[in-house]
Protein chains: 2
Amino acid sequence: MVEKPKSLEGISVRKDENFSEWYTQVVLKAGLADYGPVQGTMAIRPTAYEIWEMVQEAFNRMIKSTGHKNAYFPLLIPESFLTKEAEHFEGFTPEVFWVTHSGNNKLGEQLAVRPTSETIIYSFYSKWIRSWRDLPLMLNQWCNILRAEIKATKPFLRTSEFLWQEGHTAHASKDEADKEVMMILDFYKEIAEQYLAIPVLQGMKSEREKFAGALYTTTIEALMPDGKAVQSGTSHNLGQHFAKAFGIEFLDEQGQKQFVWQTSWGISTRLLGALIMVHGDDKGLVLPPKVAPLQLIVIPIYKDQEREKVLEVAQKITAGLIASGFRADIDVRENRTPGWKFNEHETKGVPLRIEIGPKDIAADSVVLARRDTSEKRQVKLPELEKAVKEEMASMQKSMFDKAKKFLDDNIRVAESYDEFKDILDSKKGFIKAGWCGKDSCEDKIKEETGATSRLIPFEHEDAKGCVYCGEKAKSYAYFALSY
Amino acid sequence: MVEKPKSLEGISVRKDENFSEWYTQVVLKAGLADYGPVQGTMAIRPTAYEIWEMVQEAFNRMIKSTGHKNAYFPLLIPESFLTKEAEHFEGFTPEVFWVTHSGNNKLGEQLAVRPTSETIIYSFYSKWIRSWRDLPLMLNQWCNILRAEIKATKPFLRTSEFLWQEGHTAHASKDEADKEVMMILDFYKEIAEQYLAIPVLQGMKSEREKFAGALYTTTIEALMPDGKAVQSGTSHNLGQHFAKAFGIEFLDEQGQKQFVWQTSWGISTRLLGALIMVHGDDKGLVLPPKVAPLQLIVIPIYKDQEREKVLEVAQKITAGLIASGFRADIDVRENRTPGWKFNEHETKGVPLRIEIGPKDIAADSVVLARRDTSEKRQVKLPELEKAVKEEMASMQKSMFDKAKKFLDDNIRVAESYDEFKDILDSKKGFIKAGWCGKDSCEDKIKEETGATSRLIPFEHEDAKGCVYCGEKAKSYAYFALSY
């Protein structure tokens, strides 16, 4: 028998044939986002937003239990604030949306729609911090950020508006700030790996790639199936740069005036782009059970005369699963076939499907199908809750393991610049190479290959020589093409 | 013995002497908000933000359990979208912040920073809605809103930027939309009354006061101690106005094209302004236990030699209360006296204080003090959890009852326009008066007295004649001065 053509709602290109088109189709057809009227803007639709809410919940738990608090700061930043820290201003000004009028009135000073909030937040910190007793001050805000994107935009991954959290802390010493930076970077790794099942590398950014105005920047980097990296979260030690620009001083316990040491850090809805890319397949989205808004869909299968009985049992099973704390639903639409429903929920990435028909009822069982492997198994009803729990844990783990294997397999050491270029031409992924530490070599590599240094590992490992100039290597660096 | 002067941190004016200055001091000294550099903007500090998070949590539960979902839509709205619904554009354009440039480039069309999101959201709805199967579409977003305030601004109550939720639903019939409007209005009443302990009146807005572009607007209105009303939440039936302007059509079950019926509704951080005003007293903020970020503060009281023992017991008590689910903390600062601590936590509105010293320990008891009534009682340790639970419930209720009595006592019927003006001059509050329903009378009343019609009650009650023109009254209306 010939297989029926896939419905129009399905994904029409293969992930490994046209990755970019595949991504766009998954975003649109799984109902994750839609394009806004202003270039680079998007609407985040309920499924994607709910995943974001789960990221918020998990991260809020982490930061609140370590003494941070949420707050909210103004969207509009006077231009004069941005210019106070020179590097910072240069870094952000080309991307700023400027408000010049309110109603029909021209404003005296143009206002930036926040591209990040260091300057506006630190103008408050300079008022709020007086003494060592006010430290550490550790606030976070969840908000929208606007950066006019001139490069090709892509929903979630590169948009002119996105949602994020930005943490901003002030400490009495550099040591405390260092510890904060690393604690948050570890939280980010946990969010990426334990919740989104996305393995990441941690490390330092080079001077060229660090945050505009920071002393240093740490990062988590994920690898996409097309071999490009996605910077998935950054945590900065700002040193005393902003403290000096904004006059954030405190009296220490000895009565001496000191500038505070600061950190800032953020993760954004960009993570959702990585989630889609890393786990999706030719049928569409695949969601890790832990962050799937809908973990289980129950599909009743029946002919007319069996309808009532099957629906009754299916509804009872669904109610039982919901009562046990699973995010489950039943698809009772009469005008759709079971096959059509299978396709739709597969496109949308629902982790588990439960099929139930008259034969299953007779056998006191259901069919449990897994989205990632397409494996099906018969499960006796009394065992269902246990089986669902097991499959979800197993799916969460195997999705991570699969992505981790891909990451590990795609870190390649380049001993020479030729080898470096060969890897980039053929396989991409991360290229681990010796680097002398000079901006000029990094610039040349970027200019000639498009690859940027993504991170310098925290653990020092002796490298022979700089992959570009051959001089003594300061360390290894990981290079890659990136989103 | 002479009472010591209050610390500088305390509130220096009485609530009934200079209400406006009192409000500003409470906002600043309880650490709720601080003024931003752009006129009318503010930073929302952790205590206030945490109350907002509790409002979010409660309201999310209500709307999610009734089939609504959260999403996020772009901040920037092309001018041409706003102009599509004429009334709507006229209503909002004087308050719009306009983005005209990105980086150094002038934009082809200026972009509004959302003053509300009907137009941008409905441009998406016109793409997403095709068939009766897509209805109802019920989305909500939590976001920031910008409206350039030209009148005197006041933190929370009138600011150029605020946080809110805006719900936007599309239905197949007017009847369904009507029901949605009322369900949400009841949720708003529940948030105000059951969580914030703020009693409200529900009703319809007049044509003059309805939302720009709505068929009709419903409202909840609260009364402040100075006799002015605060519009605390609105729920609109938009009819088919926007559906026609944005072409939001669906094929009904008979295959006929129809325009959808829409609603929109919102509550904002304005509620926090009402909360401060309604419950605060001469010492500062008073928070209802249900939404107090910190419900209980434990203050150990000791002389040097008793320090260790008292701290040990106090810490154990605090840990026990936290384990029982109360939001409790202990104030162990060594450099502050117990009296100083009492004042500080009173200023910040913490509902309950537990005092514990050597005598209390000897008696196996603590002193439990209530913020709203200043009542103190001795409680035996084994009874503590029960006593705390009782006091919190009793405090929540008596705060509401007190505010309800004030509201009820300040609704006065005016039989004549002279009486109307007398009430406004002396007592303020709500004035219930017959109204013919004509805009002209409403306009004249506003012009001559400053009072606006706040609502028309849902339950019809025959009124003698219009308080302004004397003609036949269509209904009663509630008038008041307002924020």
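Two strands count as paired if DSSP finds at least two bridges between them, and both helices (H or I, at least four residues) and strands (E, at least two) are DSSP runs numbered from the N terminus. The views below show a predicted model, in which local features need pLDDT of at least 70, side-chain atom pairs count only at pLDDT 80 or more, and totals for chains, interfaces and linings use all residues. Residues are numbered from 1 along each chain as its sequence is written, while chains are lettered from A and ligands numbered from 1 in the order in which they are written.

**View 1. Strand 5 of chain A meets strand 5 of chain B.** Let's start where the chains join. These two strands, residues 97-102, run antiparallel and are linked by 5 bridges. To find your way, look for A:Phe97, whose bridge partner is B:Ser102.

**View 2. The side of chain B that touches chain A.** Here 43 residues of chain B are in contact with 43 residues of chain A (contact: C-beta atoms, placed from the backbone, within 7 Å). Strand 5 of chain B gives the largest share of this side, 6 residues. By class, the side has 26 nonpolar, 10 polar and 7 charged residues (nonpolar: Ala, Val, Leu, Ile, Met, Phe, Trp, Tyr, Cys and Pro; charged: Asp, Glu, Lys and Arg; polar: the others, Gly among them).

**View 3. Helix 2 packs with helix 6 in chain A.** The axes of helix 2 (residues 46-64) and helix 6 (residues 174-195) lie 11 Å apart, at an angle of about 140° (axes are lines fitted to C-alpha atoms over the stretch in contact; angles run from 0 to 180 degrees between N-to-C directions). The two helices are therefore oblique to each other (under 35 degrees is roughly parallel, over 145 roughly antiparallel, 65 to 115 roughly perpendicular and the rest oblique). From helix 2, A:Val55, A:Ala58, A:Phe59 and A:Met62 meet A:Phe187, A:Ile191 and A:Tyr195 of helix 6. This contact has 7 nonpolar, no polar and no charged residues.

**View 4. Strand 17 of chain A and its partners.** Of the 5 residues in this strand (352-356), 4 are buried, so it is largely enclosed by the rest of the structure (buried: 20 or more other C-beta atoms within 10 Å of the residue's own, with C-beta atoms placed from the backbone). Strand 15 (residues 296-300) pairs with strand 17 in the parallel sense over 5 bridges, with A:Leu296 partnered by A:Leu352. Strand 18 (residues 365-370) pairs with strand 17 in the antiparallel sense over 4 bridges, and there A:Glu355 has A:Val367 as its bridge partner.

Technical notes. Contact = placed C-beta atoms within 7 Å. Buried ≥ 20, exposed ≤ 12 C-beta atoms within 10 Å, placed from the backbone.
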